[in-house]
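Subject: Structure handover

Hello,

Here is the structure for you to look over. My notes follow below it.

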Amino acid sequence: MSGLIFLKLGGSLITEKHTPMTPRLEVISRLAEEIAEVKNEKPGLQLVLGHGSGSFGHTPANQHGTRQGVNTPEQWRGFHEVWLQARRLNSIVIDALHQTGIAAMSFPVSAGARTSEMKIVSWDLTPMQAALQSGILPVVYGDVVFDEQIGGTILSTEDIFRHLTGILNPQQILLAGLEPGVWADYPQRSQLVKTITPENFDSLIPAIAGAAETDVTGGMRSKVQEMLQLVKIFPDLEICIFSGDTAGQIKTALLEIPSGTRIKNLVP
């Protein structure tokens, strides 16, 4: 799908990650307004929006170990709690988009996808493709899913983007969080990595932080690894990790060239 962009609003950006179930409402509203401004200025923009679960989903997921598998009655109650909290945050995001006039519709993996060992094996994307063609903004988010091998698990937004990339063929994946990119020396934050490729990633592994707060889906290192796998398969794909915490950064990223850390396949 030519010109399609995947944009993720990270959990650390839209929630207070150190305080369970606490949204950053002003930030969410601002981000929605910036997306609306872009769609008004560029009506033909093709966009799939994703967001993390932050302190909503990750808190119960960490308590119940949901990512690793679900089997016992207690674990299934935890599975449901993760689903409930992730859905609550998604409702806040959808409401904020609606307030700006954006027609947005959620496509939760918990309702339509099936995984095997954390990999999506079935998901009918016909409704999502119809939404894109109709000018409706599809929204996905970190969510629980039923798994054929381990009962249940959690898919991050990056997991979902990875699956969607092979079908929808986006031009760009933009990952907005609190940090301006990937730090080579977190938590000192003095050396920002400008470009990450399959060739230099191994040398950066010791320096790249896993996560600043609780993140059951692996944190920064896991996100970078997920995106590196994608650029190996789709060498023309443009991926950028950047900050959305300052007004105007999301709008600039969607309309111009985003700042931050680029992840790309090294051209021979």
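**Helix 3 and its cover**

The buried residues of helix 3 are covered by elements that include helix 1 (11-14), helix 4 and strand 8 (151-155). Buried means under 20% relative accessible area, exposed over 50%, and partly exposed in between, with a 1.4 Å probe and protein chains only. Helices (H or I, at least four residues) and strands (E, at least two) are DSSP runs, numbered from the N terminus. Helix 3 itself covers residues 54-64. Its buried residues are Gly-54, Ser-55, Phe-56, Gly-57, His-58, Pro-60 and Ala-61. Gly-65 follows helix 3 and has a positive phi, near 65°.

This is a predicted model: local features need pLDDT of at least 70, side-chain atom pairs count only at pLDDT 80 or more, and totals for chains, interfaces and linings use all residues. Residues are numbered from 1 along each chain as its sequence is written, and side-chain values use heavy atoms, with hydrogens and water left out.

**Whole protein**

The protein has 10 helices and 14 strands. Its radius of gyration is 17 Å, close to the 18 Å of the globule rule for 268 residues, so the protein is as compact as a globular protein of that length. That radius is taken over C-alpha atoms, and the rule is 2.2 Å times the number of residues to the power 0.38. The C-alpha trace spans about 50 × 45 × 35 Å along its principal axes. Of the 268 residues, 50% count as buried.

Contact means heavy atoms within 4.5 Å. Among contacts with a separation of 6 or more, 73% are between residues 24 or more positions apart.

The protein carries 21 positive and 27 negative side chains, and the centres of the two sets lie 1 Å apart. Lys and Arg count as positive, Asp and Glu as negative; His and the chain ends are not counted. Each charge is placed at NZ of Lys, CZ of Arg, CG of Asp or CD of Glu.

Asn-90 sits in helix 4 (residues 73-99). Asn-90 is buried, at 4% relative accessible area. Its side chain makes a polar contact with the side chain of His-51 at 3.0 Å, and another with that of Ser-106 at 2.5 Å. A polar contact is a pair of N or O atoms within 3.5 Å; within protein, one must be able to donate a hydrogen and the other to accept it, and residues adjacent in sequence count only if both atoms are side-chain atoms. Leaving aside neighbours within four places in sequence, Asn-90 touches His-51, Ser-106, Val-139 and Tyr-141.

Arg-77 is also in helix 4. Arg-77 counts as exposed, because its relative accessibility is 55%. From Arg-77 to Ala-104 is 27 residues in sequence and 29 Å in space, C-alpha to C-alpha.

Glu-34 lies in helix 2 (residues 25-41). Glu-34 is buried, at 5% relative accessible area. Its side chain makes a polar contact with the side chain of Arg-30 at 2.7 Å. The Glu-34 side chain also reaches the backbone nitrogen of Lys-251 at 3.0 Å. Beyond four places in sequence, Glu-34 touches Thr-246, Ala-247, Gly-248, Gln-249, Ile-250 and Lys-251.

Leu-204 is in helix 8 (residues 201-204). Leu-204 is buried, at 14%.

Best wishes
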